2 protein chains.
Amino acid sequence: MASSINMDQLHPAQIRKMIRDGEWQTHTSGLANGYVQCNLVILPESDANFFLRFCQRNPKSCPIIAMSSEVGSPFVDVGGEEPIDIRTDLPMFKIFEKGVVVDEVPDIRSVWRDDLVVFLLGCSFSFEEALLADGIEIRNITEQVNVPMYNTNIANSAVGPLGGQLVVSMRPMLAADAIRSVQICSRFPSVHGAPVHFGDPSLIGIKDIGTPDYGDAVTIKKNEVPVFWACGVTPQNVVREAKLDFCITHSPGCMLITDIPNSKLSVL
Amino acid sequence: MASSINMDQLHPAQIRKMIRDGEWQTHTSGLANGYVQCNLVILPESDANFFLRFCQRNPKSCPIIAMSSEVGSPFVDVGGEEPIDIRTDLPMFKIFEKGVVVDEVPDIRSVWRDDLVVFLLGCSFSFEEALLADGIEIRNITEQVNVPMYNTNIANSAVGPLGGQLVVSMRPMLAADAIRSVQICSRFPSVHGAPVHFGDPSLIGIKDIGTPDYGDAVTIKKNEVPVFWACGVTPQNVVREAKLDFCITHSPGCMLITDIPNSKLSVL
């Protein structure tokens with residue numbers, strides 16, 4: 001059924017209903033254009049307290065858009081008429097035990113616990129839209145691949161069992177577009193904000209720009225420089241590497257679609 | 001007398017009085033910290049009309065801070081209690097005829113004409129102060145030399161007899177500081193605003209970064225990139241190259257000190 005519907009005409013609530021009804025179980029990129037999509041991390045209360053402090057200390061990679069209002073509640077206010085049930089409204093979830101994936105499911109009601117806390121974190125879709133609106137080419141969109149992402153040697157600010165290194169996404173640009181991108185992305189601190197680096201990848205510990213650690217390689221044209229942003233894969237990695245007893249995240253690309261317009265995240 | 005006074009304790013009006021009294025006839029860098037200093041261009045009305053449109057079309061290199069309120073008036077409001085007489089309140093002026101310097105004097109009352117129009121243009125001192133306040137090193141200040149400036153192949157938007165190419169100033173930085181500099185300088189559009197380029201100098205027609213066309217070379221350390229800003233030498237060059245019948249500018253480094261706090265120029 002889903003394939004016959006013009007998905008990009010649908011509002012967030014309509015798409016979430018399709019997802020809830022099991023009619024859309026794949027990635028959400030390109031859906032509900034103009035609305036914020038979020039990365040998901042769900043943790044038991046004790047680890048959630050560490051994670052909240054970790055996000056506070058690493059805001060560029062872990063910008064919190066929303067949290068569940070109380071421990072054990074699966075309901076989160078994402079800007080619509082009423083809070084949504086996080087357990088059913090993403091296309092696909094990964095369930096981790098001690099850092100290992102134990103299941104990948106479209107519904108987490110059966111594993112829900114009354115000690116869980118929900119974190120929704122900003123993602124780069126929001127600022128990519130603002131860059132495109134300004135006429136800046138986003139190479140991974142042009143080439144219809146995932147954005148290239150890289151592990152770096154930039155240490156996160158550690159909290160309890162959570163530490164690790166920053167993961168970055170990369171978009172190649174001419175210098176003038178990179179300068180404009182700093183201006184545009186600075187308006188969006190809750191979706192990673194300004195780039196963290198540009199130019200020589202080796203200065204942040206990236207050995208081979210042609211071989212991303214996640215996502216796909218993209219063409220870097222003559223006269224372009226790679227520009228690097230803090231990436232939402234960072235918290236996913238940190239949580240997995242900490243081998244916490246229990247954790248739930250979204251499956252890659254299968255984000256939560258909120259009712260928050262991207263423009264609402266602009267601070268200026 | 002001047003040398004025994006602690007100049008950096010003096011307010012703009014006090015320094016202008018010393019200048020007016022002939023007690024300070026050299027460059028103004030480091031004086032009246034915290035206050036806007038301006039480049040000066042004075043033109044007859046017909047050429048002033050071209051120049052005003054030129055500034056409108058090339059705002060990054062030619063940001064107008066103030067103009068005389070009427071043709072023939074040497075008085076300009078620069079934020080103090082009353083307008084100042086431009087003819088006496090700069091340390092040194094250059095007088096041009098057909099693009100050639102015919103005199104360099106500390107007072108232009110004897111050559112004043114009732115068809116002249118005064119332009120005061122923003123200068124990089126203002127944003128350098130904001131960068132320093134943020135903890136960013138400015139190499140030319142550290143090395144106590146003039147900022148290096150370069151001719152580029154970036155064409156100005158031409159108006160009437162005024163055309164030419166953009167002149168840029170250069171400050172070397174680590175990428176993270178360059179990103180921060182874009183944020184800080186974007187708040188100051190009336191003092192050249194964000195950089196126009198970073199990285200490979202040859203992409204904007206600079207052949208040898210070690211040999212500036214104006215000012216002094218500075219050290220570019222390992223891992224640093226050169227960052228380029230539109231420079232107030234641009235309008236000076238453009239006016240000179242147009243070989244206009246008559247023109248007055250400040251002598252290099254001998255700026256007008258206004259009563260406008262630098263922070264007032266911040267748009268955010």
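Reader: Are A:Arg16 and A:Asp89 buried or exposed?

Author: Both A:Arg16 and A:Asp89 are buried, where buried means under 20% relative accessible area, exposed over 50%, and partly exposed in between (1.4 Å probe, protein chains only). A word on the basis: this is a predicted model, in which local features need pLDDT of at least 70, side-chain atom pairs count only at pLDDT 80 or more, and totals for chains, interfaces and linings use all residues. Residues are numbered from 1 along each chain as its sequence is written, chains are lettered from A in the order in which they are written, and side-chain values use heavy atoms, with hydrogens and water left out.

Now the pair itself. The side chains of A:Arg16 and A:Asp89 form a salt bridge at 3.7 Å, N to O. That term means a side-chain nitrogen of Lys or Arg within 4 Å of a carboxyl oxygen of Asp or Glu. A:Arg16 sits in helix H1 (residues 12-20) of chain A, and A:Asp89 in the loop between strand E4 (84-85) and strand E5 (93-97), so the bridge ties together parts 73 residues apart in sequence. Helices (H or I, at least four residues) and strands (E, at least two) are DSSP runs, numbered from the N terminus.

B:Arg139 and B:Glu224 meet in a salt bridge at 2.7 Å, N to O. This pair, too, links distant parts of its chain: B:Arg139 is in helix H4 (residues 139-142), B:Glu224 in the loop between strand E10 (197-198) and strand E11 (225-230), 85 residues apart. Both B:Arg139 and B:Glu224 are buried. Back in chain A, salt bridges that share partners join A:Arg16, A:Arg20, A:Asp89 and A:Asp259 into one network.

A further bridge joins B:Lys17 and B:Asp21, at 2.6 Å, N to O. Here B:Lys17 is partly exposed, at 44% relative accessibility. B:Asp21 is partly exposed as well, at 43%. Over all chains, the structure holds 24 salt bridges.

What about the interface? Across chain A and chain B the rule finds 0 salt bridges. Helix H5 (175-186) and strand E10 (197-198) of chain A each supply at least two residues of the side that touches chain B. H5(A) gives the largest share, 7 residues. By class, that side has 12 nonpolar, 4 polar and no charged residues. Nonpolar here covers Ala, Val, Leu, Ile, Met, Phe, Trp, Tyr, Cys and Pro; Asp, Glu, Lys and Arg count as charged, and the others, Gly among them, as polar.
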